[in-house]
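Dear colleague,

Please find below the structure I am handing over to you. My notes on what was found in it follow directly after.

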Amino acid sequence: MKKILIILLALAFTSGIHAKEWKENDRGLLIELTAGYGHATSYVPSESYASISPGIGYQFNKRWAAGFRMTFETRDLPFIISTPFVRYSYLSRPRWALFAEAQGNIAFRNADGGQAGYYEAGIGLGGSFSITPHLKLTGRYLFVGYSSRDEREKAYAGERNFLLDANVARLQIGLQVLF
């Protein structure tokens, strides 16, 4: 009986240490790098491209964060997209969270000696999984809101400029470090 009691106390003690070890930081500077893939068929010829998005921000508590990211594309005529964002984690667990991100996208590119671009304002969805207390695997997908973008691909719904965009180009996966 003593052995069973000692084993149970040892398990309870070590599980408490493990839970404390995985307690995430509530606030701090965050740096993230995400990447994605897209295929534009609305241009002739169609093209596949990658996008890389470095970002920086501040996490105020376990629910709220705000920051800024830039997206760089590898197209023949790439967009450079500036995105300020505010992130709200609506479902948060010790190791994972789901979030909604209010964002404004301002995109420009040089085309035929002039500037071309679009702007968007809306909400994107995403999630994160804690690899360590300071390092998270993060992903974003979907966009719901206003877009002046003329490039309409297959997986979107909406009339005119208000849309739900579920194209693969909206999928971004990467890492986030919290200091």
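**Overall architecture**

The chain has one helix and 10 strands. Read along the sequence, these elements follow the order α-β-β-β-β-β-β-β-β-β-β. Please bear in mind that this is a predicted model.

Of the 179 residues in the chain, 36% are buried. Among contacts between residues at least 6 apart in sequence, 52% join residues at least 24 apart. The accessible surface of the chain comes to about 10,700 Å², and carbon and sulfur atoms account for 68% of that surface.

**The largest pocket**

The largest pocket has a volume of about 540 Å³. It is lined by 32 residues, of which Ile81, Arg149, Ala169, Arg170 and Gln172 are the closest to its centre. Strands β2 (47–59), β3 (64–73), β4 (80–92), β5 (96–111), β6 (114–130) and β7 (135–147) each supply at least two residues of this lining. The most is given by β6, with five residues. Sorted by class, the lining of the largest pocket holds nine nonpolar, 12 polar and 11 charged residues.

Where does serine 51 lie? Serine 51 is found in strand β2. Its relative accessibility is 5%, under the 20% cut-off, and serine 51 therefore counts as buried. The side chain of serine 51 is joined to that of glutamine 172 by a polar contact of 2.8 Å; glutamine 172 is also one of the residues closest to the centre of the largest pocket. Not counting residues up to four places away in sequence, serine 51 touches Thr34, Ala35, Gly36, Thr71, Phe72, Glu73 and Gln172.

Serine 53 also has its place in strand β2. Is serine 53 buried or exposed? Serine 53 counts as buried because its relative accessibility is 1%, and the cut-off for buried is under 20%. Which side chain makes a polar contact with the side chain of serine 53? The partner is threonine 71, at 2.8 Å. Leaving aside neighbours within four places in sequence, serine 53 is in contact with Glu32, Leu33, Thr34, Arg69, Met70, Thr71, Arg140 and Gln172.

Leucine 142 lies in strand β7, one of the strands that supply at least two residues to the lining of the largest pocket. Most residues other than glycine have a negative phi. Leucine 142 is not a glycine, yet has a positive phi of about 75 degrees. With a relative accessible area of 25%, leucine 142 is partly exposed, as this value falls between the limits of 20% for buried and 50% for exposed.

Glycine 158 has its place in the loop between β8 (156–157) and β9 (162–165). At 43% relative accessibility, glycine 158 counts as partly exposed. Glycine 158 and valine 144 are 14 residues apart in sequence, and their C-alpha atoms are 9.6 Å apart in space.

With kind regards

Methods: Residues are numbered from 1 along each chain as its sequence is written. This is a predicted model: local features need pLDDT of at least 70, side-chain atom pairs count only at pLDDT 80 or more; totals for chains, interfaces and linings use all residues. Side-chain values use heavy atoms; hydrogens and water are left out. Helices (H or I, at least four residues) and strands (E, at least two) are DSSP runs, numbered from the N terminus. Buried means under 20% relative accessible area, exposed over 50%, partly exposed in between (1.4 Å probe, protein chains only). Contact means heavy atoms within 4.5 Å. Accessible areas come from the Shrake-Rupley method with a 1.4 Å probe; for residues, only the protein chains shown count as cover. On a 1 Å grid over the protein atoms alone, a cavity is a set of points where a 1.4 Å probe fits but cannot get out, and a pocket is an open set with protein on both sides within 12 Å along at least five of seven lines; lining residues have an atom within 4 Å of a point. Grid points are joined across faces, edges and corners, and a volume is the space filled by probe spheres set on the points. Ala, Val, Leu, Ile, Met, Phe, Trp, Tyr, Cys and Pro count as nonpolar, Asp, Glu, Lys and Arg as charged, and the others, Gly among them, as polar. A polar contact is a pair of N or O atoms within 3.5 Å; within protein, one must be able to donate a hydrogen and the other to accept it, and residues adjacent in sequence count only if both atoms are side-chain atoms.
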